[in-house]
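Let's take a friendly walk through this structure together. Keep the viewer open as you read.

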Amino acid sequence: MLVASQKRKENIAEYLLYMWQVEDIVRAFNLDIERIRQNIIDRVPDIPEETRAAMSEWYESLIDMMRREEVVESGHLQINRNTLGDLADLSRRLLADSRYADYSKAFYDALPVIVELRSRSGEHPAGEVETCFNALYAMLLMRMKKQDISAATTDALAKITRMTALLAAYYHRDERGELFGKEEE
């Protein structure tokens with residue numbers, strides 16, 4: 001809750017990846033709030049009891065949403081899908097506007113990697129932005145498991161990282177109304 005709130009304010013890409021990780025953690029504890037309290041909340045040192053209670057309430061709310069939205073075994077919460085959709089929409093708007101050539105360059109540098117990843121994703125490939133986040137999340141999991149990551153994979157994902165970092169920066173500027181004129185709203 002505390003980390004999610006901070007990441008949401010600072011970097012929407014990190015926030016989204018963090019929330020995907022939280023979904024997986026909740027699943028790992030079989031959506032059992034008592035296990036989450038024992039293994040996560042109670043292990044956070046030096047926080048007030050009201051903060052612990054708020055954290056517990058936050059996890060309970062996520063568990064409830066996961067059950068209601070039927071993403072208990074896989075998938076993402078609607079709030080996270082909405083964030084991803086907002087990022088995909090912003091990507092399209094940035095690509096269509098010549099003022100954001102830096103984003104277009106980063107996107108097209110990453111596009112061969114995105115196309116390659118999408119070709120491996122089966123019958124229902126994700127969109128470009130979602131494919132990027134799926135790749136970044138897979139890399140995060142590999143690092144957490146201390147798996148070897150080839151230099152070629154690292155280089156390819158560096159292009160995706162540059163693109164998503166730029167997209168995240170533009171996202172926050174867009175939230176503040178700094179990107180597009182009223183005619184595009």
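**A buried glutamine and what lies around it**

Glutamine 21 is found in helix H2; helices here are DSSP runs of H or I with at least four residues, strands are runs of E with at least two, and both are numbered from the N terminus. This is a predicted model, in which local features need pLDDT of at least 70, side-chain atom pairs count only at pLDDT 80 or more, and totals for chains, interfaces and linings use all residues. Residues are numbered from 1 along each chain as its sequence is written, and side-chain values use heavy atoms, with hydrogens and water left out.

Is glutamine 21 buried or exposed? Its relative accessible area is 19%, so glutamine 21 is buried (buried means under 20% relative accessible area, exposed over 50% and partly exposed in between, with a 1.4 Å probe and protein chains only). Not counting residues up to four places away in sequence, glutamine 21 touches Tyr137, Leu140 and Met144, where contact means heavy atoms within 4.5 Å.

Leu140 also turns up beside the second largest pocket, where Leu17, Leu136, Met139, Leu140 and Arg143 lie nearest the centre among 13 lining residues. A pocket is an open set of points on a 1 Å grid over the protein atoms alone, where a 1.4 Å probe fits, with protein on both sides within 12 Å along at least five of seven lines; lining residues have an atom within 4 Å of a point. The volume of this second largest pocket is about 250 Å³, a volume being the space filled by probe spheres set on the points, with grid points joined across faces, edges and corners. Helix H2 (12-28), H7 and H8 each supply at least two residues of its lining. That lining divides into seven nonpolar, three polar and three charged residues; Ala, Val, Leu, Ile, Met, Phe, Trp, Tyr, Cys and Pro count as nonpolar, Asp, Glu, Lys and Arg as charged, and the others, Gly among them, as polar.

Now turn to the largest pocket, which holds about 340 Å³ of space. Of its 18 lining residues, Leu117, Arg120, Ala135, Ala138 and Leu157 lie nearest the centre. At least two lining residues come from each of helix H6 (101-119), helix H7 (128-144) and helix H8 (151-175), and H7 gives the largest share, six residues. The lining is made up of ten nonpolar, five polar and three charged residues.

H8 has another partner to look at. The axes of helix H5 (residues 78-95) and H8 come within 10 Å and cross at roughly 95 degrees; axes are lines fitted to C-alpha atoms, for helices over the stretch in contact, and angles run from 0 to 180 degrees between N-to-C directions. H5 and H8 are therefore roughly perpendicular to each other, a label given to angles of 65 to 115 degrees, while those under 35 count as roughly parallel, over 145 as roughly antiparallel and the rest as oblique. On the H5 side, the contact is made by Asp86, Leu87, Leu90, Ser91, Arg93 and Leu94, and on the H8 side by Leu167, Tyr170, Tyr171 and Asp174.

Finally, visit two loops. Most residues other than glycine have a negative phi. Asparagine 30, in the loop between H2 and H3, has a positive phi of about 55 degrees although it is not a glycine. Lysine 146, in the loop between H7 and H8, likewise has a positive phi, near 55 degrees. Asparagine 30 is exposed at 56% relative accessible area, and lysine 146 is exposed at 72%.
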